[in-house]
Amino acid sequence: MSIFLHVSKVMVSLDAHSVKWLSLLILVIQNSTLILVMRYTRTSVENDQLYLASTAVVMSEVLKTLICLLVLYQLLLPSYRHTSLLESFNTLGLVLRREMLHNWHQAIKLAVPAILYLIQNNLQYVAATHLDAATFQVTYQLKILTTAFFSVILLHRSLSSRQWIALGLLTVGVALVMLPKNINLSNLISLLVSTQEEKNDDKVYTTEQQGGATYDHQGFMAVLMACILSGMAGVYFEKLLKSSSTTTTTTTTTSTTTSRIYLPTHQLSPKEDDYELKKKLDDVNEAMNYSTMHTHRQQQQQQLWIRNMQMSFFSVILGLVFVVGLQDADKVLAHGFFAYYTRWTWCVIMIQACGGLIVAVVVKYADSILKGFATSISIILSTILSVWLFQVSLSFLFVIGASLVIYATYLYGLK
């Protein structure tokens, strides 16, 4: 828990130059380690000894929920006076009651991105099982394209001509990476100019697929679906946060005389609920806006962690019922929920849970150029480590495609 608050405090205490390089380091580590460790856990054992991806995803969401609760607990502690442990937990309980029960109509909206992220995380395990880490890392950058698409559709965001060019280069790069490895540059040119040769090449590819490349196509489909779901869920979640932020700003502006901080809730009155609860909620608001100078910043932090907590909570419930319960119920009953777990499995779970939350803290201090630069370094690092650790062979077209993806990622983030 404290690692996230510690990261924020460290960021604030450092100068701008140091913050830039620390952000770069954290982003590179997070982007690179997950797929490498996940790939190792899925390929280092026999198929009948694989742990269940569905249970790993659920455990990751459980851990994420606990982390969000602990961070929120810290954010709700008033710094101007000492509070007992019981009083602090009562404050957290009141906020949770308010956000999950009284404001259920807002919370339930997060079930949509929760189920999308849940499916996406399961698809990542499928892709990591059938694709090498380098190919996964490159093709997964298609989430930039899907995110841009849904941003234009749902958020009515306009893209510059440079960004459209970057998206085009990204698509071409990923297409080159996805080509079968037995295709070289001359075959690709022939494939484009000759219909007859295209048919002949198709026969060759079918033969190669029968020799074991079928799994690559299953992995590619998993990555494509994961990218679509990632873009849709990310934009929808951003839309919810912006909608909530707008409501927060409006409420705070109209309540300047009382300096009352706003958390999206169902406004209670003595007629609707007991007076004692209303009084306690007033105390919570007092503890949360002890300094009007920090009110807006507190609102943003609280909104972020509350929304992440709610989304993780729904992911746990939906994952247990619809993924573990319907898909792997027989295996869980036969072998147990944690069957074939190793220390590396728990490592993947922790990276998946903590990584996204750490990045959520870090990206406040990293601009879009730095994030694109970090992604580019991560692709290069993952590719090099894949060749070294997993003896992955890279084709010439893969190198060209990966280079286009790296450049497109950097170009898209330029201001």
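Rings of Phe, Tyr and Trp (its six-membered ring) pair if their centres lie within 6.5 Å, and planes under 30 degrees apart count as stacked, over 60 as edge-to-face and the rest as tilted. By that definition, one aromatic cluster is formed by Y51, Y125, F337, F338, Y341 and W346. The model is predicted, with local features needing pLDDT of at least 70 and side-chain atom pairs counting only at pLDDT 80 or more, while totals for chains, interfaces and linings use all residues. Residues are numbered from 1 along each chain as its sequence is written, and side-chain values use heavy atoms, with hydrogens and water left out.

**Aromatic pairs**

- The structure holds 11 aromatic pairs, and one of them joins Y40 and W344, which are edge-to-face because their ring centres are 5.7 Å apart and their planes stand at 70°.
- This pair links distant parts of the chain, since Y40 belongs to helix α2 (residues 16-43) and W344 to helix α15 (residues 343-362), 304 residues apart; helices are DSSP runs of H or I with at least four residues, numbered from the N terminus.
- Y40 is partly exposed at a relative accessible area of 37%, and W344 is also partly exposed, at 36%, where buried means under 20% relative accessible area, exposed over 50% and partly exposed in between (1.4 Å probe, protein chains only).
- The rings of Y341 and W346 have centres 5.3 Å apart and planes at 65°, so this pair too is edge-to-face; Y341 is buried, with a relative accessible area of 14%, whereas W346 is partly exposed at 36%.

**A charge over a ring**

- R42 lies over the face of Y51, at 4.7 Å from the ring centre, a contact that requires NZ of Lys or CZ of Arg within 6 Å of the ring centre and within 35 degrees of the ring normal.

**Helix α13 and residue I115**

- L320 is found in helix α13 (residues 295-327) and is partly exposed, with a relative accessible area of 38%.
- I115, in helix α6 (residues 111-130), is partly exposed at 27%, and its C-alpha atom is separated by 9.8 Å from that of I317, which lies 202 residues apart from I115 along the chain.

**Helix α17**

- Helix α17 (residues 396-413) has 18 residues and reaches 26 Å from its first C-alpha to its last, close to the 26 Å expected at 1.5 Å a residue, the expected span being 1.5 Å times one less than the number of residues.
- The buried residues of α17 include L397, F398, G401, A402, V405 and I406.

Notes. Helices (H or I, at least four residues) and strands (E, at least two) are DSSP runs, numbered from the N terminus.
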